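Please look over the sequence and the model together before reading on, and keep both in view. The paragraphs below lead from the inside of the fold towards its surface.

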Amino acid sequence: MPPVRRRLALSGLLAVAAGAALTGAAPPAAPPAGIVVYGVHARVTGAAGVPRARLAEIAAVADRAHDTVAEVWGAVPVLVEVPATREQATRLAGTPALWGLAAVATADRVVIVPDGFSRLSAAGRQVVLTHELTHVATGAATGTGLPLWLTEGFADYVGYRDSGIPLPTAAAELAAEVRAGVLPGSLPADGDFRAGAARLPQAYEAAWLACHYIARRYGEDALVRLYREALRRGVPAALGTLGLTTATLTARWRVTCAPRSVARDDPARRPP
């Protein structure tokens with residue numbers, strides 16, 4: 001699959017996943033009887049009929065996701081449920097809103113949506129699982145009251161951090177709009193992240209670019225501190241610790257959305 005088409009597929013599968021989780025997914029039901037495979041950090045439970053080899057592959061992806069999330073945010077238990085069908089995934093996730101999803105985060109684990117996950121490339125699976133595990137680590141899956149541009153942008157930042165995927169590929173849909181002369185005027189609103197929204201991929205890419213900008217300009221540790229401070233005191237106070245307001249962040253973020261910026265062929269992560 002060419003890079004842009006891979007990103008188009010990933011946009012839909014990744015973008016909706018956390019949105020479903022953030023609607024208040026209930027604790028998962030008891031997993032269907034099957035087998036358990038352990039990675040270095042991950043515990044992967046598969047439903048009856050899911051091949052052990054598939055569970056072992058997912059455990060390896062989950063272990064790498066743990067390492068990235070732990071390096072950025074801190075250690076997190078890695079519990080992954082692998083149902084055999086979408087119906088089982090719906091019961092485990094506690095939400096019927098799984099159309100177009102690859103995985104979904106609940107309060108304490110990640111539930112794989114088998115048909116969506118199987119359509120992703122290896123890189124896409126890594127990004128999605130790391131993104132969802134970030135939601136588990138930060139508590140976003142249980143609702144934090146933070147704006148979605150921050151919770152989803154941060155999860156995408158961690159998801160893409162070690163992916164090696166170039167920025168123009170990671171933000172392909174937004175870059176296409178910008179090349180056509182359409183520059184976003186404000187950070188994405190929560191409604192822009194709803195399932196089925198016309199510009200859902202662009203909302204996630206714009207949110208990711210906002211967090212990407214903060215990490216590049218102030219450092220990854222500053223981005224993490226901002227998120228933690230936002231959990232405690234809200235986004236305006238957190239931005240203030242960097243000398244920013246929502247207006248100044250928006251103005252600087254819009255520069256990163258400019259054609260020359262989104263065309264840069266650097267990996268989607270902070271500089272070493």
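**A walk through the model**

Leaving aside neighbours within four places in sequence, Leu150 is in contact with Cys211, Leu226, Tyr227, Ala230 and Val235, where contact means heavy atoms within 4.5 Å. This is a predicted model, in which local features need pLDDT of at least 70 and side-chain atom pairs count only at pLDDT 80 or more, while totals for chains, interfaces and linings use all residues. Residues are numbered from 1 along each chain as its sequence is written, and side-chain values use heavy atoms, with hydrogens and water left out.

A nonpolar core is a set of buried Ala, Val, Leu, Ile, Met, Phe, Trp, Tyr and Cys residues joined through side-chain atoms within 4.5 Å, and buried means under 20% relative accessible area, with exposed over 50% and partly exposed in between (1.4 Å probe, protein chains only).

One of the contacts of Leu150 is Leu226, which lies in helix 10 (residues 220-233). Leu226 counts as buried because its relative accessibility is 1%. Not counting residues up to four places away in sequence, Leu226 touches Leu150, Ile214, Ala238, Leu239 and Leu242. Leu226 and Ala238 are twelve residues apart in sequence, yet their C-alpha atoms are 5.2 Å apart in space.

Cys211, another contact of Leu150, has 0% relative accessibility and therefore counts as buried. Cys257 is likewise buried, because its relative accessibility is 0%. A search of the whole structure finds zero disulfides, a disulfide being a pair of cysteine sulfur atoms within 2.5 Å.

At 9% relative accessibility, His66 counts as buried, and, residues up to four places away in sequence not being counted, His66 touches His41, Ala75, Val76, Val78 and Leu133.

Helix 2 also gives the most to the lining of the largest pocket, with four residues, and both helix 2 and helix 4 (114-118) supply at least two residues of that lining. On a 1 Å grid over the protein atoms alone, a pocket is an open set of points where a 1.4 Å probe fits, with protein on both sides within 12 Å along at least five of seven lines, and lining residues have an atom within 4 Å of a point. About 160 Å³ of space lies in the largest pocket. Its lining includes Arg54, Glu57, Pro83, Phe117 and Arg125, and divides into seven nonpolar, one polar and three charged residues.

Helix 8 (residues 172-179) is mostly covered, six of its eight residues being buried, among them Ala172, Glu173 and Leu174. Just after helix 8, Gly181 takes a positive phi of about 95°.

Taken as a whole, the protein chain has 13 helices and five strands, and buried residues make up 53% of its 272 residues. Among contacts between residues at least 6 apart in sequence, 72% join residues at least 24 apart.

Note on methods:
Grid points are joined across faces, edges and corners, and a volume is the space filled by probe spheres set on the points. Ala, Val, Leu, Ile, Met, Phe, Trp, Tyr, Cys and Pro count as nonpolar, Asp, Glu, Lys and Arg as charged, and the others, Gly among them, as polar.
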